[in-house]
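Work through the exercises below with the sequence and the three-dimensional view side by side. Each task is followed by a solution that goes step by step.

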Amino acid sequence: MRGEEQEKQWALLMRAGNAGDGDSYRRLLLLLTPVLRANARRGLAPAGMADTDAEDVVQETLLAIHLKRQSWDEEAPFGPWLRAIARHKMIDALRRRGRRITLPVDDFSEILADGGAEPDMLAADVGRHLEFLPPGQRTIVQAIAIDGASIADAAARFSMTTGAVRVALHRGLSALARKFRTEEP
Amino acid sequence: MKTDDLIRALAADCATRPTSLRRAFATAMIPGLAIAFGLYLAFLGPRPHLLWLLAEPRFAFKVCLSLLLAALSARLVMRLVKPGAESRRAALLLAIVPALLAAGIAVELLSVPISLWSQKLIGTNALHCLKSIPMLGLAPLAAILFSLRQGAPEHPAIAGAAAGLLAGAIGAALYATHCPDDSPLFVAVWYTLAITFITALGSIAGVRLLRW
């Protein structure tokens, strides 16, 4: 798919997500991930950073896309917004690790949506970002992210209201983003 | 956590709609402006015959110029917190304000005898102006920065400076209705200094508060 059409499709899915369509939104994030991954690896490789570092940047970028999605105007093109967020997160990651910044300036549309697969992390590594969350938020995020529970499932399992689950999930994700941002490499 | 797991959690959180930036900005401005106005009434207060004064060109000029600066910097701020948004034109548009001020100074210099220039420039309230504009701008600055945390500024220092400029312009507009020094010469020196101070403050605070 050509870059322009691809960005139009992304914008369409994002608008649907903003209207509350979780499936479209999930599809969008799944489509963006390989592009972000390829971009992160290309950006970090010259700094001698591993694929697992790149995956951290991918996750951080996804979190930023999610938590800052209100900063995209629905009438504005999606590509420049996405690129600006990805660049911001990459620069941040490189700066935190004290590397010299040499970013590829290419257009995302030139990147084949083939960033390779997610690197295998050590079992102990999985969940390392969840550990520090307060227990309430951690169990909710874990249930939804890792066990694949829906909001309603989680509410039933922990005898909470769906509203309380939503709040805990949202706070957990915000805390996760903060954690990424302040983390020492 | 695996990336696919994270995506599942993000999608589940999709229904929690974040407030729009415009709304967050408007909501934060209500207490910000209310505090500024309260301080204005408590410590400064309007000049007598305020409405009559609007017919006085120098007075109208300084008030309108402050309001214009507020409008232009508000527009700039809203662009700076949207990644990938075009903000250069909004920034260049700010140049209208110093251009108008320069024109105002030229007219003033032509219409006032040289012997009065320094008196007009120094005015009667210089120090008061330097203190009052930042004092009035402080609450709006806090409100603006607070609301901008919802946004995603690519350059927190610049976004913070623009927020400071907006807060300074709000403070200046209020102060202008109190201060008896109407000469563009006075405005050019003291208002500029005071607004520069709060702009720098906004920039420093922006670096700390607007990271994301």
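This is a predicted model: local features need pLDDT of at least 70, side-chain atom pairs count only at pLDDT 80 or more; totals for chains, interfaces and linings use all residues.

**Exercise 1. Salt bridges within a chain**

Task: Determine where A:E55 and A:R37 lie in chain A, and whether they are buried or exposed.

Solution. Begin with the pair itself: A:E55 and A:R37 form a salt bridge in which the closest N and O atoms are 2.9 Å apart. Finally, consider accessibility, for which the cut-off for buried is under 20% relative accessible area; both A:E55 and A:R37 are buried.

Task: Describe what B:D182 and B:K62 tie together.

Solution. The closest N and O atoms of the salt bridge between B:D182 and B:K62 are 2.7 Å apart. B:D182 lies in the loop between α9 (156-176) and α10 (184-209) of chain B, whereas B:K62 lies in helix α4 (residues 57-80) of chain B, and the pair therefore ties together parts that are 120 residues apart in sequence. Both B:D182 and B:K62 are buried.

Task: Contrast this with the salt bridge of A:D92 and A:R96, and state which network these two residues belong to.

Solution. The side chains of A:D92 and A:R96 meet in a salt bridge at 3.3 Å, N to O. Both residues lie in helix α4 (residues 78-96) of chain A, four residues apart, which is about one turn of the helix. A:D92 has a relative accessible area of 8% and is therefore buried. Over all chains, the count of salt bridges comes to 14.

**Exercise 2. The contact between chain B and chain A**

Task: Describe the extent of the contact, and name the three residues of chain B that supply more of its buried area than any other three.

Solution. Count the residues first: the contact takes 32 residues from chain B and 49 residues from chain A. Then turn to area, since the size of an interface is often given as the accessible area lost when the parts come together. The area buried between chain B and chain A is about 3,700 Å², and carbon and sulfur atoms give 60% of this. On the side of chain B, the residues B:M1, B:L10 and B:W212 supply 23% of the area that this chain buries against chain A, more than any other three residues.

Task: Characterise the polar links across the contact and the make-up of the chain B side.

Solution. Three salt bridges are counted between chain B and chain A, and B:K82 and A:D73 have side chains that meet in a salt bridge at 3.3 Å, N to O. Across the interface there are 15 residue pairs in polar contact, with both residues at pLDDT 80 or more. Helix α1 (residues 3-12) of chain B gives the most to the side of chain B that touches chain A, with 10 residues. By class, that side has 16 nonpolar, six polar and 10 charged residues.

**Exercise 3. Aromatic pairs**

Task: Compare the geometry and setting of the pair A:W10 and A:F78 with those of the pair B:F37 and B:Y40.

Solution. A pair of aromatic rings is described by the distance of the centres and the angle of the planes. Over all chains there are seven aromatic pairs. A:W10 and A:F78 form an edge-to-face pair, 6.3 Å centre to centre with 65 degrees between the planes. A:W10 is in helix α1 (residues 3-18) and A:F78 in helix α4 of chain A, 68 residues apart, and both are buried. By contrast, B:F37 and B:Y40 are stacked, at 5.8 Å centre to centre and 25 degrees between the planes. They are three residues apart in helix α2 (residues 21-44) of chain B, and so are separated by about one helical turn. B:F37 is partly exposed, with a relative accessible area of 43%, whereas B:Y40, at 3%, counts as buried. Ring pairs also link A:W10, A:W72, A:F78 and A:W81 into a cluster.

**Exercise 4. Positive phi**

Task: Locate A:S159 and B:H49 in their chains.

Solution. Most residues other than glycine have a negative phi. A:S159 has a positive phi of about 40 degrees, lies in the loop between α6 (151-157) and α7 (162-182) of chain A, and is exposed at 68% relative accessible area. The phi of B:H49 is near 60 degrees; B:H49 is found in the loop between α2 and α3 (50-53) of chain B, and is exposed, with a relative accessible area of 62%.

Conventions
Residues are numbered from 1 along each chain as its sequence is written. Chains are lettered from A and ligands numbered from 1 in the order in which they are written. Side-chain values use heavy atoms; hydrogens and water are left out. A salt bridge is a side-chain nitrogen of Lys or Arg within 4 Å of a carboxyl oxygen of Asp or Glu. Buried means under 20% relative accessible area, exposed over 50%, partly exposed in between (1.4 Å probe, protein chains only). Helices (H or I, at least four residues) and strands (E, at least two) are DSSP runs, numbered from the N terminus. Contact means heavy atoms within 4.5 Å. Buried area is the accessible area (1.4 Å probe) that two parts lose on being put together, summed over both. A polar contact is a pair of N or O atoms within 3.5 Å; within protein, one must be able to donate a hydrogen and the other to accept it, and residues adjacent in sequence count only if both atoms are side-chain atoms. Ala, Val, Leu, Ile, Met, Phe, Trp, Tyr, Cys and Pro count as nonpolar, Asp, Glu, Lys and Arg as charged, and the others, Gly among them, as polar. Rings of Phe, Tyr and Trp (its six-membered ring) pair if their centres lie within 6.5 Å; planes under 30 degrees apart count as stacked, over 60 as edge-to-face and the rest as tilted.
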